[in-house]
Amino acid sequence: MADMIKDFKTMQQELKLDGTELCRLAQDFRQTAEDALAGRDSSLSALHTYLGLPTGQETGTFMALDFGGTNVRASRITLKGADGFTIETKVAKPLRSDDYDYTTSSTTAEALFDFIARIVKEAAGGNKAYKLGFTFSFAVNQTSAKDASLIAWSKEIDVPGVAGKSINGLLKEALVRNGMDRIEPVALLNDTTATLLSSVYQHNPAQIGIVCGTGFNMCYYEPALKMIVNLEAAGFTGGPRTECDRRVDEESQQPGDHCFEKMIGGRYLNELFRVILMDYLDCDDIPRFTTRCMNELFSGEKTVRDVLGFDVTPEQKEGLCALGQDVFTRAAQMIGAASFGILGHLAGEEELKEQAIAIEGSLVEKIAGVPSVIEGAVCRSCMGLSEGTPIHIVPNSHGASIGAAIAAALCV
Ligand code: BGC
């Protein structure tokens with residue numbers, strides 16, 4: 001037992017980030033982003049989105065499509081300027097169920113895009129003349145806001161025949177194949193950009209957009225380029241990695257890629273916790289469970305037996321819940337430190353001003369206390385940040401869909 005307690009303490013220690021480490025992470029993130037912007041070698045990107053910030057006056061009815069995690073969502077949205085927006089219809093389907101799977105190498109680009117087109121068809125209510133904005137949440141190469149080509153899949157999606165292709169081109173072909181030739185894809189954007197657009201449209205003057213759902217990423221408005229820049233923050237290689245982080249990476253579909261995401265994204269926090277538990281409980285294997293189950297275990301909605309398939313002692317349960325909470329806390333702190341890095345870049349020599357950070361994703365929406373841990377980590381990342389400088393985390397549900405409609409409005 002004494003050994004277990006000692007190991008437990010070491011494990012907890014490995015997951016803790018103190019002020020100095022947060023500060024280092026923030027500086028490193030800022031430098032890496034500035035390298036990417038200047039075209040130097042960098043683990044971050046500075047992908048041009050060709051989209052600026054909306055005025056909040058954009059109006060019209062658009063189709064919005066959101067694909068980037070476990071679900072595909074299509075909606076018809078009316079933007080009403082100062083009066084906000086209305087989501088008129090919404091259809092969401094998982095990419096994977098007991099009957100089908102559109103995520104693996106055994107499916108095809110045509111099958112995947114036909115599946116997406118049928119969801120659009122249901123949300124549009126037939127072949128009607130709508131402009132469509134597509135929130136496609138993977139790394140893309142873009143030369144205008146209208147379309148982009150996939151650089152590489154992430155989040156364990158591995159469908160062949162999509163990398164290098166025009167995404168709105170593939171969507172348009174599928175829409176035509178499914179009798180929907182009157183729907184016109186006019187904009188393609190990342191979910192972080194959509195989150196930022198949606199937040200600004202709703203009068204929250206943010207400069208940074210973050211998604212922490214299945215995956216993780218950040219974008220920000222770069223005044224020098226007069227456009228939003230997608231950092232593909234998942235790829236950041238800084239930050240303290242533990243042995244367990246390395247194991248999660250090695251066992252993933254794309255080892256060596258998206259390492260920062262594997263410490264923050266919901267697709268991986270469950271895996272990280274599972275690997276940590278194998279050490280903590282000294283067992284060779286534990287059946288897989290989702291990040292949602294992990295959270296339900298901590299909130300008391302599920303028992304240890306429900307999630308792990310076996311019982312543990314009360315002492316072990318206390319320890320494993322503490323380790324799981326540490327996994328969530330570390331993810332939130334890393335987001336805070338990275339945000340501070342970008343806020344520092346934007347402020348330059350000036351003092352930081354009060355501002356919002358737009359965030360969407362299950363980590364902030366479902367896990368208790370995460371927004372305040374992020375805000376706290378922003379402040380702890382900089383010893384010089386005056387006590388009163390308020391950084392507000394603005395959770396932004398439906399940002400990916402609202403942002404797609406706003407992008408469509410900006411592109412017509
Ligand atoms: C993708 C990003 C995306 C993020 C959040 C990452 O895996 O590369 O483009 O924004 O997930 O969905």
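Reply: Let's start with Asp 282, which is exposed at a relative accessible area of 70%. Exposed means over 50%, buried under 20% and partly exposed in between, using a 1.4 Å probe and protein chains only. Bear in mind that this is a predicted model, in which local features need pLDDT of at least 70, side-chain atom pairs count only at pLDDT 80 or more, and totals for chains, interfaces and linings use all residues. Residues are numbered from 1 along each chain as its sequence is written, and side-chain values use heavy atoms, with hydrogens and water left out.

Me: Where does Asp 282 lie?

Reply: Asp 282 is in the loop between helix H7 (266-280) and H8. Helices (H or I, at least four residues) and strands (E, at least two) are DSSP runs numbered from the N terminus.

Me: What is the phi of Asp 282?

Reply: Most residues other than glycine have a negative phi. Asp 282 isn't a glycine, yet its phi is positive, at about 55°. Lys 226 is another non-glycine residue with a positive phi, near 55°. You'll find Lys 226 in the loop between strand E10 (216-222) and strand E11 (227-230), and with 64% relative accessibility Lys 226 counts as exposed.

Me: Which residues does Tyr 221 touch?

Reply: Contact here means heavy atoms within 4.5 Å. Leaving out residues up to four places away in sequence, Tyr 221 touches several residues, including Lys 226, Met 227, Ile 228 and Leu 346. Tyr 221 sits in strand E10, and counts as buried at 19% relative accessibility.

Me: And is Glu 222 buried or exposed?

Reply: Glu 222 is buried, at 6% relative accessibility. Glu 222 also belongs to strand E10. Again skipping residues up to four places away in sequence, Glu 222 touches Leu 37, Met 227, Val 229 and His 345.

Me: On to sheets. What is the order of the strands in the open sheet?

Reply: Strands of a sheet pair through backbone hydrogen bonds, either parallel or antiparallel. Here the five strands run in the order E4-E3-E2-E5-E8, with mixed pairing. Strand E4 (85-94) and strand E8 (183-189) are at the edges with a single partner strand each, so one side of each has no neighbour in the sheet. On average, neighbouring strands of this sheet are turned by 20° against each other, direction ignored.

Me: How many bridges join E2 to E3?

Reply: Two strands count as paired if DSSP finds at least two bridges between them. Strand E2 (residues 59-67) and strand E3 (residues 71-80) have nine, and run antiparallel. Leu 65 stands opposite Ala 74 in E3. Helix H3 (residues 109-124) packs on the sheet, touching E2, E3, E4, strand E5 (130-136) and E8.

Me: How many residues lie between E6 and E7?

Reply: Two, and the pair forms a hairpin. Strand E6 (residues 139-144) and strand E7 (residues 147-152) are antiparallel over four bridges, with Ala 139 opposite Ala 152 in E7.

Me: Now helix pairs. At roughly what angle do the axes of H3 and H4 cross?

Reply: Two packed helices are described by the angle between their axes and the distance between the axes. The axes are lines fitted to C-alpha atoms, for helices over the stretch in contact, and angles run from 0 to 180 degrees between N-to-C directions. H3 and helix H4 (residues 167-177) come within 8 Å and cross at roughly 65°, and are therefore roughly perpendicular. The cut-offs are under 35 degrees for roughly parallel, over 145 for roughly antiparallel, 65 to 115 for roughly perpendicular, and oblique for the rest. Residues that meet there include Phe 113 and Val 120 in H3, and Leu 170 and Ala 174 in H4.

Me: How do H8 and H10 cross?

Reply: The axes of helix H8 (residues 291-299) and helix H10 (residues 314-347) come within 10 Å and cross at roughly 125°. That pair is therefore oblique. Among the residues in contact are Met 294 and Phe 298 in H8, and Leu 320 and Phe 328 in H10.
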